[in-house]
Amino acid sequence: MGSGTSPGAVPGARRGRPSAVARGPLTPYLFILPAFLVYGAFALYPLGRAAQFSLFEWKGFGASTFVGLSNYVDLAADADFRAAIGNALVLIVFYAVVPLVVGLVLAAILRRGQVRGMGFFRSVIFLPQVIALVVVAVAWRQIYSPSGLLNELLGMVGLGALTHGWLGDPGTALAAVGFIGTWVEMGLVMLLMLSGMSRIPAELFEAARLDGAGAVREFFAITLPAVRGEITVALVLTIIAALKTFDLVYLTTSGGPGNSTTVPSYEVYFRAFDLREVGSASAVAIVLTALIFVINVGVTRIGERES
Amino acid sequence: MLRRNFLGATVALGGLGALAACAPGSDTGGGAETAPAADEVETDIASLGDLTLVVWDQEVRGAQNDAIEALIGSFQEKFPNVTIDRNAQSFDDLQQQTGLALSGNDVPDVLQVNNARGDMGTFVADGLLTDLTGYAETYGWADRFSPSVLSKMRYSSDGVTFGEGSLYGLAQTGEVCGIFYSQAKLDQLGLTPPATWEELFSLVDAAAEAGERPIMLGNLDQWPALHVFGPLQANFVDAQTIITLGMGNAGADWTSEDNLAALTQFGEWGASGALGESPNGLAYDDAWPMFTEGEGVLLIGGNWLGPDMEAVMGEDLHFMAPPPGADGKVATTGGTGIPFSIPAAAKNAAAAAAYIDFITSDDAMAMIAENGGMPVNRTAELAPESGVNKDIYEAFDAVTTEGTLLPYLDYATPSFAETAGATLQELIGGQTDAAGAAAALQEDYSAFTEGS
């Protein structure tokens, strides 16, 4: 991404000489202006206001008090907030890392084997992306329930000792929520990988096979390097999804048991609407935005450097 | 380079915009006017001329909606010059808009405001609600409502003391937590409904020995445990102390011996499996249907579950108030429906007060009962002849007239719902003990009471 042709490479001469106005230094900005106005009104302005709110103590109505950076200072000392950030980082493993590995393998298998009804498999794996997360959460809450499907299956295969309320045990709750994320993101990652792999010329694989490469060698020597761009995109998308998770946590555990599954987005909601601490909620939101930004810049940088 | 400059300019512009914008909120209060004294209250609504009364409520569920629609119809018949413009939305939606609605320029005349500290308490402190004392005297609300019910809507004018002071709202319906049981199940186990807490504890043991789940609890959502712990606490702690704790007023202590005893008992219930194998993993809305299917011996919870469970269990379902508590009198968690308040900036305060008077009148109580709700007054006389609602009405009446209706513990501080929810989950899950739980609850409570 972003490494395409630069504007200077467009052979403008063939289309006739541009007028003096068109060549003016401000012209490009004029073209961007309409989009920028919309972007500014609906993204930058609210972001700026949130940043501003984070410097105040405000209930969401009535008078506000300017408190400088003290909302941020409070956050640094807030164990609940640190736990929320820690949980979000754990969720990255479930939302991004696991789906990437599984998605890569699945895509490689689907590409290589001439599977009958491939479209069907693709649709099934992609399905979780299509279902509203509210529905996903309600369904999985049933599955994880003490008398739910998961425990029934465990009982049937003789693993009855493992059955318990998965979302009610601090040891398993975060992983249980995370696994829902894995299930949701897997389809997206697989589809991205498949589209990347479909661009690889078949001759490359033929050549590799003639040289005696097996499936594993083929995967590491040809497939993986070819889909590096897609991997970066997949990681960016899934890491953002992991860090801003709100609905799954809100609907499955409300941050419990205890505080073991609370995440920053949930903290934003809780502080703004339950505690009526809009300043503190805004500070959490700004920190979260910065965190997402930094992590994704990092991922993109690494992706670009390696390609 | 160009791209860099553009990005830089964008950021700079955004930053400038933020700095230039004015501070959030406004410094002007809600335009709080002094509330009228009893002799200044205008009760001749017909003389006010044609007016539109804007009412925001959250009575959207079946029975509640039917009752309020019927009441609005009769009110407009009585006062043809008043047109009611009703805006009904869910509790959550209304709760989150209340702050904005009260502080805006175009406020409703009547608004349902949650009586918790984080809501009504905050609005009172900011002068956004009308003190109803004058109206209450004129219309005789103190005769109509029991003191224990009215106290749930009283705050000091600075919002610091909850339960005493001026009246800021009036509720139509009642809520009470008690014990649901299946008569057939008790008969089958050779047990009888407990008359004392000792009997209840031995019933729990007997049910466990019989291989049953003694108490059905689905606590995945964190708050349901409060409806079990509240009644249990009344066995160990005197009602006045619980009220002080529950209303977030200074002067009590969660780490006291009696509170520790209550928390210890609750933790033991969790550890011994009296609440089931994994109460924290079971959702509230999955638990009560399981109870209707014969799982569990007792279900301790709010009366609102009655009608839905009765639809499955019929006459077999019974409800009782918990046995008498530490004071020798029955005391249990409960409260009122969401109170109707008048915003300080309401344009038609007189008509608004008449409306609130009308929908909480004795006739209105009958209409609420007819539509299947639980009226906050005249509960015993309006009780149906049979069914679980008969038990519920009688229990509510007994608690409000002879005993004490304890506040929901999460009224206490703006963050107490979260603190208590998480703490009780950890207590019954074994991640903390009674002392640890008491310390966590005390920390939230004392931080709030000292700060206020």
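Student: Which residues does B:Asn81 touch, not counting residues up to four places away in sequence?

Tutor: Before the reply, please note that this is a predicted model, in which local features need pLDDT of at least 70 and side-chain atom pairs count only at pLDDT 80 or more, while totals for chains, interfaces and linings use all residues. Residues are numbered from 1 along each chain as its sequence is written, chains are lettered from A and ligands numbered from 1 in the order in which they are written, and side-chain values use heavy atoms, with hydrogens and water left out. Contact means heavy atoms within 4.5 Å. With that limit on sequence distance, B:Asn81 touches B:Ile45, B:Ala46, B:Leu48, B:Gly49, B:Asp50 and B:Leu51.

Student: Where is B:Asn81 found in chain B?

Tutor: Helices (H or I, at least four residues) and strands (E, at least two) are DSSP runs, numbered from the N terminus. B:Asn81 lies in the loop between α2 (62-78) and β2 (82-88) of chain B.

Student: Is B:Asn81 buried or exposed?

Tutor: A residue is called buried under 20% relative accessible area, exposed over 50%, and partly exposed in between (1.4 Å probe, protein chains only). B:Asn81 is buried, because its relative accessible area is 9%.

Student: Which backbone oxygen does the side chain of B:Asn81 reach at 3.0 Å?

Tutor: A polar contact is a pair of N or O atoms within 3.5 Å; within protein, one must be able to donate a hydrogen and the other to accept it, and residues adjacent in sequence count only if both atoms are side-chain atoms. The side chain of B:Asn81 reaches the backbone oxygen of B:Ile45 at 3.0 Å, and that of B:Ala46 at 3.5 Å.

Student: Why does B:Leu129 count as buried?

Tutor: B:Leu129 counts as buried because its relative accessibility is 6%. This residue is placed in the loop between α4 and α5 (133-139) of chain B. Among the residues that B:Leu129 touches are B:Leu102, B:Phe123, B:Tyr168 and B:Pro343.

Student: How is chain B divided into domains?

Tutor: Domain bounds come from an automatic or database domain assignment. Chain B has domain 1 (16-173 + 337-378) and domain 2 (176-335 + 405-451). Their centres, taken over C-alpha atoms, are 31 Å apart.

Student: What area is buried between domain 1 of chain B and domain 2 of chain B?

Tutor: Buried area is the accessible area (1.4 Å probe) that two parts lose on being put together, summed over both. For these two domains of chain B the figure is about 1,000 Å², of which carbon and sulfur atoms give 62%. B:Arg117, B:Lys152 and B:Phe162 supply 54% of the area that domain 1 buries against domain 2, more than any other three residues.

Student: How many salt bridges does the rule find across this domain interface?

Tutor: A salt bridge is a side-chain nitrogen of Lys or Arg within 4 Å of a carboxyl oxygen of Asp or Glu. Between domain 1 and domain 2 of chain B the rule finds zero salt bridges, but seven residue pairs in polar contact (both at pLDDT 80 or more).

Student: What does the rule find across the interface of chain B and chain A?

Tutor: There the rule finds three salt bridges. A:Lys59 forms a salt bridge with B:Asp126, with the closest N and O atoms 2.9 Å apart. In this interface 40 residues of chain B are in contact with 39 residues of chain A, and the buried area is about 3,300 Å².
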